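Here's a quick briefing on a protein model, sorted by topic. Have a look at the fold first, then go through the notes below.

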Amino acid sequence: MCEKMSQQEPVSRCTCTCGCCGEQAEESGKKRLLPVFAGICAYLAAYIWPLPDKGSLYLYGFAYLLIGKDVIQAAWRNIRRKDPFDENLLMVIASGGAFLIGDCVEAVAVMLFSRIGEFLEERAAGKSRRQIKAAIDLRPDVVCRIRDGRDVETIPAAAARTGDRLLVRPGDRIPLDGIVAAGESVLDMSALTGEAMPLTCREGDGVLSGAMNKTGVIELTVTKELAQSTVSKILQAVAAAEAQKPRLDRFITRFCRLYTPAVVAAAIVTAVVPSLAGG
């Protein structure tokens, strides 16, 4: 296989790995964090420096509205759609009940922890989008196939077959898994393995699709077609992991549709039955 270079060469790569939609979603998320941050400041101010009379209550209420605005709006939209029972309504009921019994600190804290959970979830989703985009960027559209030992033709990567001989120039990515048939070069494997040390590849060495050819022109014999290549497997694995999340979200939603009314009913029974029994 390839040998490690004794010295690391600087690698110049674009650090932008997300598409326009991902950038817009992240920018929107940052804007939505601004009122949450302001609410946290108000919450901490009310907790550390209590105000006289009802000043702290108003400050807690202001912090609650800033932090929980999106949750409250989502709960109200679902109520208008006649589908109220979800995690948003549960958060509103829990925090609103805490306010009614005078536990303002707990009321704001419930909403704050809910928003922190949403932030972590959105951050994980953004990371998944960037991983998918990065995997797609590694996958080739076309390859340069050598015909009759000297002629070079450009064909779709999916049309390349096992045993085809491909030409890979400096600055190109290794399009398909194969074995170096001629030439010698330095490969940057960081996009695949995270390994910062470049690798030297010579005739007879195996190479993986997605690696960046840095220095020399090489010819390689294809050992795996596009569907079975390393880059395709990475893309399939990332896409499969992303597909698991909607199923989990649907399970949580279905669970909340049962859990929320059950909790509300239990709370009503707990509040009403003892008073009726006591006369």
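How many bridges join strand β2 to strand β3, and do they run parallel or antiparallel? Six bridges join β2 (residues 142–147) to β3 (residues 151–156), and the two strands run antiparallel. Keep in mind that this is a predicted model, where local features need pLDDT of at least 70, side-chain atom pairs count only at pLDDT 80 or more, and totals for chains, interfaces and linings use all residues. Residues are numbered from 1 along each chain as its sequence is written, and side-chain values use heavy atoms, with hydrogens and water left out.

**Overall picture**

- The protein has six helices and ten strands; these are DSSP runs numbered from the N terminus, with helices being H or I of at least four residues and strands E of at least two.
- Of the 279 residues, 32% count as buried (under 20% relative accessible area, with exposed over 50% and partly exposed in between; 1.4 Å probe, protein chains only).
- Among contacts with a separation of 6 or more, 66% are made by residues 24 or more positions apart (contact means heavy atoms within 4.5 Å).
- The accessible surface comes to about 16800 Å², and carbon and sulfur atoms hold 61% of it (Shrake-Rupley method with a 1.4 Å probe; for residues, only the protein chains shown count as cover).

**The sheet**

- Six strands make an open sheet in the order β3-β2-β4-β10-β5-β8, with antiparallel pairing (strands pair if DSSP finds at least two bridges between them).
- β3 and β8 (206–207) are the edge strands, each pairing on one side only.
- The β2 and β3 hairpin has three residues between its strands, and Asp148 there takes a positive phi near 55°.
- β2 and β4 run antiparallel and are joined by two bridges.
- β5 (residues 178–183) also pairs with β8 in the antiparallel sense, over two bridges, and Ile179 stands opposite Gly206 in β8.

**Nonpolar cores**

- The largest nonpolar core has 22 residues, and Ile174, Leu187, Val207 and Leu220 touch the most other members (a core is a set of buried Ala, Val, Leu, Ile, Met, Phe, Trp, Tyr and Cys residues joined through side-chain atoms within 4.5 Å).
- Two or more residues of this core come from each of β4 (165–168), β7 (199–201) and β10 (218–222), and β10 gives the largest share, three residues.
- Apart from this core lies another, of 13 residues, including Ala46, Tyr60, Ala63 and Tyr64.

- α3 (residues 87–100) has 14 residues and reaches 20 Å from first C-alpha to last, close to the 20 Å expected at 1.5 Å a residue (that is, 1.5 Å times one less than the number of residues).
- Asn88, Leu89, Leu90, Ser95 and Ala98 are buried in α3, and just after the helix Gly102 takes a positive phi of about 90°.
- There are two aromatic pairs (Phe, Tyr and Trp rings, six-membered for Trp, with centres within 6.5 Å; planes under 30 degrees apart are stacked, over 60 edge-to-face, the rest tilted).
- Tyr64 and Phe99 pair edge-to-face because their ring centres are 5.1 Å apart and their planes lie at 85°.
- This pair links distant parts of the chain, Tyr64 in α2 (residues 55–80) and Phe99 in α3, 35 residues apart.
- Tyr64 has 9% relative accessibility, so it counts as buried.
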